[in-house]
Amino acid sequence: MGFTEQEILETVRMVALETLDIRTTTLGISLFDCADPDLESTCEKVYTKVVHHARRLVEVAQSISDDYGIPIINKRIAVTPVSWVAAASGSHDLVPLARALDAAAKEVGVDYIGGFSSYVHKGFTRADDALFASIPQALAETDHVCSSISLGSTKSGLNMDAIARFSQVVLDTAALTVDTGGLGCAKLVCFCNVVEDNPFVAGAHIGVGEAETVLNVGVSGPGVVRSALERLGPEADLLAVAETIKRTAFKITRMGELVGREAASRLGTSFGIVDISLAPTPAVGDSVSDILELMGVDRTGAPGTTAALALLTDAVKKGGAMASSSVGGLSGAFIPVSEDQGMIDAVRDGALSLAKLEAMTTVCSVGLDMVAVPGDTPVDVLTGIIADEMAIGMVNNKTTAVRIIPVPGKGPGETVEWGGLLGTAIVQDPGRFGCSIFHARGGRMPAPIQSYRN
Amino acid sequence: MTRRFLTAEDVRRAAGNEIVVDAETVVTPQALEVARQSGITIRGAGGSYAEPQPDRGPDASRAVTKLRQIPEPEGALKGRGLIVTVVGCNRPGVLAEVSAAIAALGGNVNDISQKMVDQYFHMVFVVELSGSGNFGDVKRELEALGHEGDYAVSVMHERVFRFMHRV
């Protein structure tokens, strides 16, 4: 036969036992032609255009899943940041646009629609201002809409005014979603060096350079990497560990490449990128933390964790780069605390602190993700946490993000259940000290010297 | 002038009781509703209005024509291959059951291997699908053969293995 029995069983095992899957097929839809002086008409056009293009998305994903025997877990939509689309209307309240996006998502049956977004890394337009004011209500009212904000970049520095405002938006969103444990904040993320073709929520949206419609694919497989390392055993040296992860990432990414090409072709749209990200889920075994512990740290968060994560992220990228010429998005390892059973346990046992998490984000592919803090965290403390994370991205020329949830009525050590893929979180302690004067100064942090490359 | 969308506001502003839209225009559901309420007919140039096929933009046509031309890994079966694996407790008749089902669904077994580990067997069939057999249907029917405590069947497209194991 064309394949050895060993090869065939390896692939079957990956899908059947090690939760290899296509995490998301995300259809990007440009909304630039939906701008209208009348917000109501803008909403109509947005709804109509999203439904028009995405009507077959779920059906096509299902048909590929059937034909190839690879599960495709999520079907999502990413749109042009709505502040650009809404600007022509001059409206102060953009919640109707969120409702239109939500209605369109429901109509076509996708899990999430990302793009209630704006770019303010240097300054605010009137539309950005309106968007910021609308985010808490929009996220509280809708089920499927996700919001992402660009607050800084290596090229432009950090907009500290925007960071301070964003922190307040996070607190307001939590306050409006008290009954669900501040769940609105799980749909809200900020970025430094934002990625314009990210297929993963909550950061999914499509940037200015993207096509009319584009299909991006996110593949995942922490379970596959974990099993491969388990088979490798504790005797192998780190070069062997890196090689094993790289080979495994290659195989996973090939699945993404196959599905991406096929889905784009069946939908008749351009194929964008494959995002190879080890994205954990609360399912047992589907954990990035387990990988780190198999590599040899006692518990995630112990000394050695950052080094292990650096090796993991790098090996994943190298395997992915060989497997597809279209690797993009965030690509690396995600560390969403509440979505990874191993990390939840590490926080509960006191092994993983907020400070260690921040250190880990210097080498992972995103940043502080799904971190719960007390509901009464002062706004300047949030500003400080976000500014620290954005500064890491700015100076190191990498994407960093913060998705932080101040859980109403909960203090450090308490547990909050969000359910589903969002998992369980232990509220973490941000410490006793803040940065109120730093927060109040505002202004812009200039671009670092490493941005002067021209 | 080509207009991409006809909105409720456009319908309210329209004079007369008929709006003719060109083939590229998408009429929003709200516009259709307003037109219905005010007795305005919306029609295309050649008859009644029908939503056009989605225009995926100038880059999109390449996806359909060129994506398949990107070199693919080498493999034995091009196009219609399936890999069927069966794992379960050993008992007489399993091989016969599965191969009969494959034949009934229009599949031709090109290769087969079987191995026993303790009291469990695993079988791998390399199948070429003939004629108009639909992958999804074949997959569903074959996978429905197995029962808990007996054996489990999994069906995957040959391209999956080609992409994963061949460069």
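Reader: Is A:Val274 buried or exposed, and how is that decided?

Author: The rule counts neighbours: a residue is buried if 20 or more other C-beta atoms, placed from the backbone, lie within 10 Å of its own, exposed if 12 or fewer, and partly exposed in between. A:Val274 has 31 C-beta neighbours inside 10 Å and therefore counts as buried. Please note that this is a predicted model, in which local features need pLDDT of at least 70 and side-chain atom pairs count only at pLDDT 80 or more, while totals for chains, interfaces and linings use all residues. Residues are numbered from 1 along each chain as its sequence is written, and chains are lettered from A and ligands numbered from 1 in the order in which they are written.

Reader: In which element is the place of A:Val274, and which residues does A:Val274 touch?

Author: Helices (H or I, at least four residues) and strands (E, at least two) are DSSP runs, numbered from the N terminus. A:Val274 belongs to strand 9 of chain A. Two residues are in contact if their C-beta atoms, placed from the backbone, lie within 7 Å. Leaving aside residues up to four places away in sequence, the contacts of A:Val274 include A:Val217, A:Thr253, A:Gly260 and A:Ser326. The C-alpha atom of A:Val274 is separated by 15 Å from that of A:Glu210, 64 residues apart along the chain.

Reader: Which strands do bridges join to strand 12 of chain A?

Author: Strands of a sheet pair through backbone hydrogen bonds, either parallel or antiparallel. Two strands pair if DSSP finds at least two bridges between them. Strand 7 (residues 188-192) of chain A runs antiparallel to strand 12 of chain A and is joined to it by three bridges; A:Cys192 has A:Thr400 as its bridge partner. Strand 11 (residues 368-374) of chain A runs parallel to strand 12 of chain A, with six bridges, and A:Val371 stands opposite A:Ile404.

Reader: What unit do strand 11, helix 14 and strand 12 of chain A make?

Author: A crossover is right-handed if, with the strands pointing away from the viewer, the path from the first strand over the helix to the second runs clockwise. These three elements of chain A make a right-handed β-α-β unit. Helix 14 of chain A has 18 residues and reaches 26 Å from its first C-alpha to its last, close to the expected 26 Å (1.5 Å times one less than its number of residues). Its buried residues include A:Leu382, A:Ile386 and A:Met390.

Reader: What is found just after helix 14 of chain A?

Author: There A:Asn397 takes a positive phi of about 60°, although it is not a glycine. A:Asn397 lies in the loop between helix 14 and strand 12 of chain A, and counts as partly exposed because it has 14 C-beta neighbours inside 10 Å. A:Asn193 also has a positive phi, near 55°, but counts as buried, with 20 C-beta neighbours inside 10 Å. A:Asn193 is in the loop between strand 7 and strand 8 of chain A. A:Ala202 is found in that loop as well, and a cis peptide bond with omega about 5° joins A:Val201 to A:Ala202.

Reader: How many residues of each chain are in contact across the two chains?

Author: 38 residues of chain A are in contact with 40 residues of chain B. Helix 9 of chain A gives the most to the side of chain A that touches chain B, with eight residues.
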